[in-house]
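The entries follow the order in which I looked things up.

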Protein chains: 2
Amino acid sequence: MFDSCFVARLKRYLDLTPSEREAIAGLERDPKIYPAGTVLWTEGDDVTELMIVHQGWALSETRLTSGRRQILRFHFSGDMIGASGIAFRDAPSSIVAATDMTVCRFPRQALGETFAAHPRLAALFFSISQMESIDLSDRLRSLGRSDGKARLANLFLSISARMRAVTGEHNPVVRIPLTQTDLGDAVGLTQVHVNRLIRQMTEEKLITRNRATVTLVDEAGLVDLARFIDRFGTLDSSWFPPANT
Amino acid sequence: MFDSCFVARLKRYLDLTPSEREAIAGLERDPKIYPAGTVLWTEGDDVTELMIVHQGWALSETRLTSGRRQILRFHFSGDMIGASGIAFRDAPSSIVAATDMTVCRFPRQALGETFAAHPRLAALFFSISQMESIDLSDRLRSLGRSDGKARLANLFLSISARMRAVTGEHNPVVRIPLTQTDLGDAVGLTQVHVNRLIRQMTEEKLITRNRATVTLVDEAGLVDLARFIDRFGTLDSSWFPPANT
DNA sequence: CGCCACTTTGACTGGGATCAATCGCTGTGG
DNA sequence: CCACAGCGATTGATCCCAGTCAAAGTGGCG
């Protein structure tokens, strides 16, 4: 059995009991490898499984009938994906591998069983779901009420903050395996305009970008520009029910 | 004891057992009345309670330091609000009463107890949380990748769809107690531009608006314009654990 | 070595912002 | 019953951020 990324993620939030740990690890079995570009599923598919990212990046996206694309969220190691398709059966967005990745799939029922056996984990999953909503809300504010430069700054900072939460280390150099087109589709700008903004931000000594490597040269300046709020505090588990066993 | 809006809402999704029903109704006690404009709580407050909307409209909003406002979501009868503040303690957004409203508050702990006693309700709450994420994703796509007219059309349609889900009736006349400024803050436009767009849409016989009353004159045209997806299907509860009692 | 995906740059256009008045309704107090 | 205040809606003039179209540059890889 290999190390469970999901356990690694969740135990940052909560001191897991052995049986909780086992239940979570049980969801992350039978890893499969997908090359970059693989479409894990497509908007509208009837999805009955959830996935946990072991390694690599995925992104969820939707397309308008005009062909325009909006990237909704990025998924890293330890993230559970597919939960958004759990309410209705149809996947509301497509999931695409941005890099080569390793993923474990498990059926929905397993989540139900976990909820029944471990109410504290149910509360934890609920909280994580709420964190996702907060993340989406922050993106919404960014798209609705700030200009292109601030949106990009926000994107870089939020990716950096999430990576930091995964790896535990604070590094101004962030690997962001996205093209300028991808960046644009994430923040609602065109590729051409993203290019110009990146050049401007480079001139202003805010960032540096070289292929997939982005360096946050002046992080304080970026935070100020983006009015970024790093919400990665500790999770409040005070209301959780007691753990089973 | 008065009728629980929360029970009314949830039983649309799931055939509730008597004890589940009781647990839910228990969360909706001691209703309080707030006049329109009341700030129920402010961004950053340490919130330890959740609320259920009994009557009226609330909206959640954030402000940038520049003073600009982004409306994130609307809350109607039967909605639970405050869940987004449950992960961390600080409320990520303010909640403001858009009309006079009746609201019930309950402590977070009660949610934890419900999770422990009724795993099936935990699964239901999780699903509802995911529906919220989907709603936010749809708004994100709208703001990121469509023009002002489509954004407004989308807003009107999604409010109409949600109202319909609450009231059960399909009526082209929708009461939307928002000013043009509010509409702009919801879709990322200025009040002035909202005004012009509404005039245009009226000329094109798509809608009619008079104060708080919006009429969807050509609903098909709006759906087409907004590329709107009405996701209000039935909830998939096939993966839920069995009900207790 | 040549293709292909990505980036860079320029010229022009347009949707929506900004600034600034004016209008109209409604509630309130003299 | 009227005057006035205040909020929201309407409208015009002007500006600018970002989109569009188009072409050339760069670098990795088969």
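Before going to the sheet I noted the criterion I would rely on, namely that two strands pair if DSSP finds at least two bridges between them. I also kept in mind that this is a predicted model.

Entry one, the sheet in chain A. I looked up strand E4 (residues 58-63) and strand E7 (residues 94-97) of chain A, and found that they pair in the antiparallel sense over 4 bridges. Within this part of the chain, A:Leu59 of the model stands opposite A:Val96 in E7(A). I then followed the whole sheet, which is open, has 4 strands in the order E2-E7-E4-E5 (chain A), and shows antiparallel pairing. Strand E2 (39-41) and strand E5 (69-75) of chain A each have a single partner strand and stand at the edges, so one side of each is left without a neighbour in the sheet. On average, and with direction ignored, neighbouring strands of this sheet are turned by 30° against each other.

Entry two, a helix pair in chain B. I checked helix H5 (residues 148-167) and helix H8 (residues 219-226) of chain B, whose axes come within 8 Å and cross at roughly 120°, which makes H5(B) oblique to H8(B). The crossing of H5(B) and H8(B) is left-handed. I listed the residues that make the contact, among them B:Ala153, B:Leu157 and B:Arg164 of H5(B), and B:Glu219, B:Leu222 and B:Val223 of H8(B). Sorted by class, the contact of H5(B) with H8(B) has 7 nonpolar, 1 polar and 3 charged residues.

Technical notes. Residues numbered from 1 in each chain as written. Chains lettered and ligands numbered in written order. Predicted model: local features only at pLDDT ≥ 70, side-chain atom pairs only at ≥ 80, totals over all residues. Heavy atoms only, no water. Axes fitted to C-alpha atoms, helices over the stretch in contact; angles between N-to-C directions. Parallel < 35°, antiparallel > 145°, perpendicular 65-115°, else oblique. Left-handed = near helix turned anticlockwise from the far one by under 90°. Contact = heavy atoms within 4.5 Å. Nonpolar A, V, L, I, M, F, W, Y, C, P; charged D, E, K, R; others polar.
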